[in-house]
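Colleague: I am new to this structure. Please take one part and walk me through it closely. I would like to look at where the two chains meet.

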Amino acid sequence: MKEPLFLKFDAEGKQLLCQGEWTLANLGNLQREVKKAAWPRSGKLQINGAGISKMDSAGAWLILTGSQQLEAQGVKTQWAAFSAQSEKLLDYVSKKMPGLADLPTVTPPSWITRLGKQTLQQLRETQAYLHFLGKLTFEALGLFFHPRQFRLSSIVNNIDKTGYRALGIIALLSFMIGVVIAYQMGFQLRNYGANVFIVDLLGLSILREFGPLLSSIMVAGRTGSSFTAQLGIMKINQEIDALNTMGVTPGQLLLLPRILGLLITLPLLTVWADIWGTIGGMLMANNMLGVTPYDFLERFQREIPLRSLLIGLGKAPVFALLIASIGCFEGMQVEGSAESVGTKTTRSVVLGIFFIILADAFFSIIFSKLRL
Amino acid sequence: MPDSAIIEIKDLSTYLGGHWVNKGLSLSVQRGEVLGVVGGSGAGKTTLLREMLWLQKPQSGSIQIFGTEITTASAATLLALQRRWGVLFQSNALFSSLTVLENVAFPLKEHTTLSKKTIRELALLKILLAGLPADAAVKYPSELSGGMQKRAALARAIVLDPELLFLDEPTAGLDPNSAEGIDDLILNFQATMGLTIVIVTHDMDSLWHATNRVAFLGEGKVLSVEPMAQLTANPHPLIKQFFTGPRSRAAKGTYQ
């Protein structure tokens, strides 16, 4: 049998001789040896620390838990021959040992508690969102009476960031979606020899649905998330609190310029997406169905009513309000930690896209009732 | 206590943001002492600390910690060294997504193969040693007061039972009572665990109360390393100016 490294039990002298380095690095081995040792069941035991070359608080913890267990079994223990430093450490650690039992146990709540909590939280958040909207509306109306609080440069800056710098990616995406739609529809139309109807299908679907929807979803991912992250970090840094104490509401300086900026930007981006989507479809129609750009455009202006463009454009401001208000609201909901910024940013994008699609469905129902 | 140097810095020079933060700086820290580092704003205290932790690289010079030259050390050597020191950052740097217990247990989980139960008990022990109540362990850092966060961060710094502890402004932003508590903790750790501690601080009370020697940084060098009583009497103009304010006189009056 291998000679134990750290422990020697002297049964006659009722002594436990500890030796070697009782440190965190050796704790695993120490624990194994302590477990293997044949402990007395009664009587007295002297724990002798003369052989300990180095002890840290992990070693002290092990000695103390060991002697606690022995005491519980009815063995009286006492320390002997520890160095002055070790003795101090043992004293210090032993004062804190009773506290180890006080760790509150955190039991995960049952599913019904979680469901209840979630429901209440959702309701509260909805209420908070409505409160937020109401307050902002009030502040926006206030701008009519205090035009000096209207921050034009801030709005322009936001238009630049959320609109101008998004032109490239939105053009590219719409172009490709135009290509894809034309390709899918072209297959069916070619079967019936109705090639030229690609113009009607493509024009209507892009102007009424894909243009506004695509640009909104892009903007929700690109701009909604950045609103939330920016405002969230500002909230954590107490910049929002600082503004409040200076008598400038975050509403005027941060929120309204963002919301108004996006309100202007998104309809413009929609037109941009319409143009590039149509170009993409037109190229595909030319390649696949033999409808030349000349025929395409000539039929486009004859068959596609202006109404389609206006319906598509009419949705954009609603989507813009949804994205911007959700992005700003979630940003202002950030509390305390970096993790909170992450969750709120995710929420902002998911909720933004969810409500865009929900609103789009509502529009479809309303338009069908109105026979538009 | 053997009088050996645990940190030995020689001719350290750092060029940062268009000027020399320190130039030809030399300093040695003895085993078992509490060394304060002071100096005016921008004297390079934090830079020096970051260089000792190898978070920032100097232009030239040598830094030996535990007798190992860290400026040329391999990643594996550095890792082994890092396990032997603990750091308390100025803004605590607690992981906000973990509870205090998880925060403190994190280094143990990463660096040891101990059982979960052992890790939990050791981490909780360190939390208690740092003077926090047990029920703070299950809270998140954002739910704690500034002083408690500091203690939690200190618990995390000592969880691997380091031989060397770096503290960056441990009492900044704390009320006098909490600050005193932290100072007492530092002294306690030094006395019971034989820690060597380097404290970067501006807190006059900490300097008087908790340090054995104080290094004064200025003009890119260590102008003087001596106990507070001697340092405050040092005739060097920068040091004299630093210690002549009413705050430092009040602190001196209390401790002398």
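Modeller: First, a term: two residues are in contact if their C-beta atoms, placed from the backbone, lie within 7 Å. Bear in mind that this is a predicted model.

Now the contact itself. Chain A puts in 25 residues, and chain B puts in 24 residues. Helix 3 of chain A gives the most, with six residues. By class, this side of chain A has twelve nonpolar residues, eight polar and five charged.

Chain A is divided into domain 1 (7–102) and domain 2 (151–370). The C-alpha centres of these two domains of chain A lie 69 Å apart.

Chain B has an open sheet of six strands, in the order 6-7-8-3-9-10, with mixed pairing. Strand 6 (85–88) and strand 10 (221–226) of chain B are the edges, and each pairs on one side only. From one strand to the next, the twist averages 15 degrees.

Look inside that sheet. Strand 3 (residues 34–39) and strand 9 (residues 213–218) of chain B run parallel, joined by five bridges. One pair to find is B:V37 with its bridge partner B:A215 in strand 9 of chain B.

Finally, a helix crosses here. Helix 1 (residues 45–52) of chain B lies across strand 3, strand 7 (164–168), strand 8 (196–200) and strand 9 of chain B. Helix 1 of chain B runs at about 150 degrees to strand 7 of chain B.

Key
Residues are numbered from 1 along each chain as its sequence is written. Chains are lettered from A and ligands numbered from 1 in the order in which they are written. This is a predicted model: local features need pLDDT of at least 70, side-chain atom pairs count only at pLDDT 80 or more; totals for chains, interfaces and linings use all residues. Helices (H or I, at least four residues) and strands (E, at least two) are DSSP runs, numbered from the N terminus. Ala, Val, Leu, Ile, Met, Phe, Trp, Tyr, Cys and Pro count as nonpolar, Asp, Glu, Lys and Arg as charged, and the others, Gly among them, as polar. Domain bounds come from an automatic or database domain assignment. Two strands pair if DSSP finds at least two bridges between them. Axes are lines fitted to C-alpha atoms, for helices over the stretch in contact, and angles run from 0 to 180 degrees between N-to-C directions.
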